[in-house]
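Subject: Structure for you to look through

Hello,

Here is the structure I said I would pass on. My notes on what was found in it follow below.

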2 protein chains.
Amino acid sequence: MPIRSRIEETIAAAIAGARLDPAPPALGQALDYAVNPGGARIRPTLCLSVAVACGDDRPEVANAAAAAIELMHCASLVHDDMPCFDDADIRRGKPSLHRAYGEALALLAGDSLIVMAFETLTELPASDAGRALALMRILARSTGMPGGICAGQGWESESKVNLSAYHQAKTGSLFTAATAMGAAAAGSDPEAWTELGARIGEAFQVADDLRDALYDEDVLGKPAGQDAVHARPNAVAELGVRGAIRRLEDILSGAIASIPSCPGEAALCEIIRAQAERLMPVIPARMAV
Amino acid sequence: MPIRSRIEETIAAAIAGARLDPAPPALGQALDYAVNPGGARIRPTLCLSVAVACGDDRPEVANAAAAAIELMHCASLVHDDMPCFDDADIRRGKPSLHRAYGEALALLAGDSLIVMAFETLTELPASDAGRALALMRILARSTGMPGGICAGQGWESESKVNLSAYHQAKTGSLFTAATAMGAAAAGSDPEAWTELGARIGEAFQVADDLRDALYDEDVLGKPAGQDAVHARPNAVAELGVRGAIRRLEDILSGAIASIPSCPGEAALCEIIRAQAERLMPVIPARMAV
């Protein structure tokens, strides 16, 4: 089955389970709204690509791992959009969850999705308990405190920010979890795969910085130049456009070089290269040099 | 080691771990604020009491289970107190977390505590993976959708409420989890222990209804008569004071009768009886009949 179908089917089954009687209907709808239609599903795709490269000897375990990562990511988007954080009106081209369902259900939908991410892994058979436990440990560390996405978001409430901890926790941690969990789901050593995830996370950060600096609101679907407005650290401000593009290329070569030897190494390199092409920004004509 | 010390030490270790470098300091403080000083720690006490009654052959597993339940309970208090739900100013005699730290950190503290509840169980050794997996499955089902505390809170956003689903999910689910997890942590069948938890949860609900109807604000530490004001279902409104007390006595006898045969059965009956005495309201002199 194609990777995208594996992801969608596993997520759909988790959401359907959460909406069974006696679920309160509106919260059930809100859960569906939070995860569908999905975005690029980058993290679970990365997770399953790594699992496949490692032999994918327990596809059900890998599917659960991928779905868990995406559910956690969706939870973080719902909570990050709320008024006490980004106060975002739009997410994935439709009203943000709290705009559509109110703050109470947005808060509960995020909470339920965090629980559902773990629950998806707890439903694995007892014969997979060892792998399930290892997967949930990685998931927990990459999402909670002191180094997961909650910690990353927490840095935004500090007057003095540890920038490397902030980026690693807020963006890097779920990418690192994606590769590590893909490996662990297939019985490989997750540690050997954390560098790949970390570098892809860095690449996304730099690509985001480039898009923020290069594109206008029409292309981005959100206000442009926000890093400059808020004086946030940005690779373009630090290195210039060409320097940032060079940095992005270096990170992506490093990512590919970090891939451990495994049965599906060549195919995985191709997948990462294709993703990398999509990350490279198209320089608008007005800025071409 | 006394049960209370086992609970406090395990929770303290979890919070200390969450505050390690590179944690953002304010969120770390907020986590500590959310769990200390604790209330009666009723749910983890019940969990460990059941584990001890079942032989307590893996005390570390039981400690983790008890701490996980209390961390999840604290998470639910932090989120329930927020403006989009109860908008509570006071919790356990001090400002509610969002009043002390702001909404952003309250939201994140709740999220982090949910993750930490699972994480505490994921840190158990691989040799306990089977029990850890079973424990996390119970924890997830009792906290998420469709029947956990998130679902319970979700009913408050519905115009037509399924009252039995609401009470079971909002109050009952964590009590049921407490007894089931205590048994599972000690290698006993959790199913046999769910009735005890369910009945204790019901007893708490009726006792709460009695306190709301009988006591004034000075005793309660919060506004009295709120069920009548909000036309919420209340056992006293339905049965009268004497009827509600009789119901409470019946539920508690049923709870004790439901205790499965186990090595520590007699001691556990004593513990439940002592808890029951504390639940019985003292009828104020002005209402004595």
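In this predicted model, the centres of domain 1 of chain A and domain 2 of chain A, taken over C-alpha atoms, are separated by 23 Å. Domain 1 covers residues 1-156 of chain A, and domain 2 covers 189-289.

How many residues are in contact across these two domains of chain A? Seven residues of domain 1 of chain A touch 11 residues of domain 2 of chain A. Together the two domains bury about 790 Å² between them, and carbon and sulfur atoms give 83% of that area. On the domain 1 side, A:Ile42, A:Leu46 and A:Ala53 lose the most area to domain 2 of chain A, together 50% of what that side buries. Between these domains there are zero salt bridges and one residue pair in polar contact, with both residues at pLDDT 80 or more. Helix H3 (residues 42-53) of chain A gives the largest share of the domain 1 side, five residues. By class, that side has six nonpolar residues, one polar residue and no charged residues.

Next, the two chains. Chain A has 53 residues in contact with 53 residues of chain B. The area buried between chain A and chain B is about 4,300 Å², with 73% of it on carbon and sulfur atoms. Two salt bridges are counted between chain A and chain B. A salt bridge links A:Glu123 to B:Arg141, where the closest N and O atoms are 2.9 Å apart. The interface of chain A and chain B also has eight residue pairs in polar contact, both residues of each pair being at pLDDT 80 or more.

Which helices of chain A each supply at least two residues of the side that touches chain B? They are helix H1 (3-18), helix H2 (25-35), helix H6 (103-122), helix H7 (129-143) and helix H8 (149-154). The largest share, 13 residues, comes from H6 of chain A. By class, the side of chain A that touches chain B has 34 nonpolar, 12 polar and seven charged residues.

One residue to look at in helix H7 of chain A is A:Ile138. Is A:Ile138 buried or exposed? A:Ile138 counts as buried because its relative accessibility is 18%, and the cut-off for buried is under 20%. Leaving out residues up to four places away in sequence, A:Ile138 touches A:Ala177, A:Ala180, A:Met181, A:Ala184 and A:Pro190. A:Ile138 and A:Glu70 are 68 residues apart in sequence, and their C-alpha atoms are 14 Å apart in space.

Now some backbone points. Most residues other than glycine have a negative phi, and most peptide bonds are trans. A cis peptide bond joins A:Met145 to A:Pro146, with omega about 5°, and A:Pro146 lies in the loop between H7 and H8 of chain A. In chain B, a cis peptide bond joins B:Met145 to B:Pro146, again with omega about 5°. B:Pro146 is in the loop between helix H7 (129-143) and helix H8 (149-155) of chain B.

A:Arg92 is not a glycine, yet has a positive phi of about 50°. A:Arg92 sits in the loop between strand S1 (90-91) and strand S2 (94-95) of chain A, and is partly exposed at 31% relative accessibility. B:Asp87 is not a glycine either, and has a positive phi of about 50°. The place of B:Asp87 is the loop between helix H4 (59-80) and strand S1 (90-91) of chain B. With a relative accessible area of 37%, B:Asp87 is partly exposed.

Last, the salt bridges. Over all chains, the structure holds 34 of them. One joins the side chains of A:Arg211 and A:Asp208, at 2.7 Å from N to O. Both residues lie in helix H10 (residues 194-214) of chain A, three residues apart, about one turn of the helix. A:Arg211 is partly exposed at 24% relative accessible area, and A:Asp208 is partly exposed at 36%.

In chain B, B:Glu238 and B:Arg247 form a salt bridge whose closest N and O atoms are 4.0 Å apart. B:Glu238 counts as exposed at 60% relative accessibility, whereas B:Arg247 is partly exposed at 34%. In chain A, salt bridges that share partners join A:Arg4, A:Glu8, A:Arg41, A:Glu70 and A:Arg92 into one network.

Regards

Definitions and conventions: Residues numbered from 1 in each chain as written. Chains lettered and ligands numbered in written order. Predicted model: local features only at pLDDT ≥ 70, side-chain atom pairs only at ≥ 80, totals over all residues. Heavy atoms only, no water. Domains from an automatic or database assignment. Contact = heavy atoms within 4.5 Å. Buried area = accessible area lost by both parts, 1.4 Å probe. Polar contact = N/O pair within 3.5 Å; in protein donor to acceptor, adjacent residues only side chain to side chain. Helix = DSSP H or I, 4+ residues; strand = E, 2+ residues; numbered from the N terminus. Nonpolar A, V, L, I, M, F, W, Y, C, P; charged D, E, K, R; others polar. Buried < 20%, exposed > 50% of the residue type's maximum accessible area, 1.4 Å probe, protein only.
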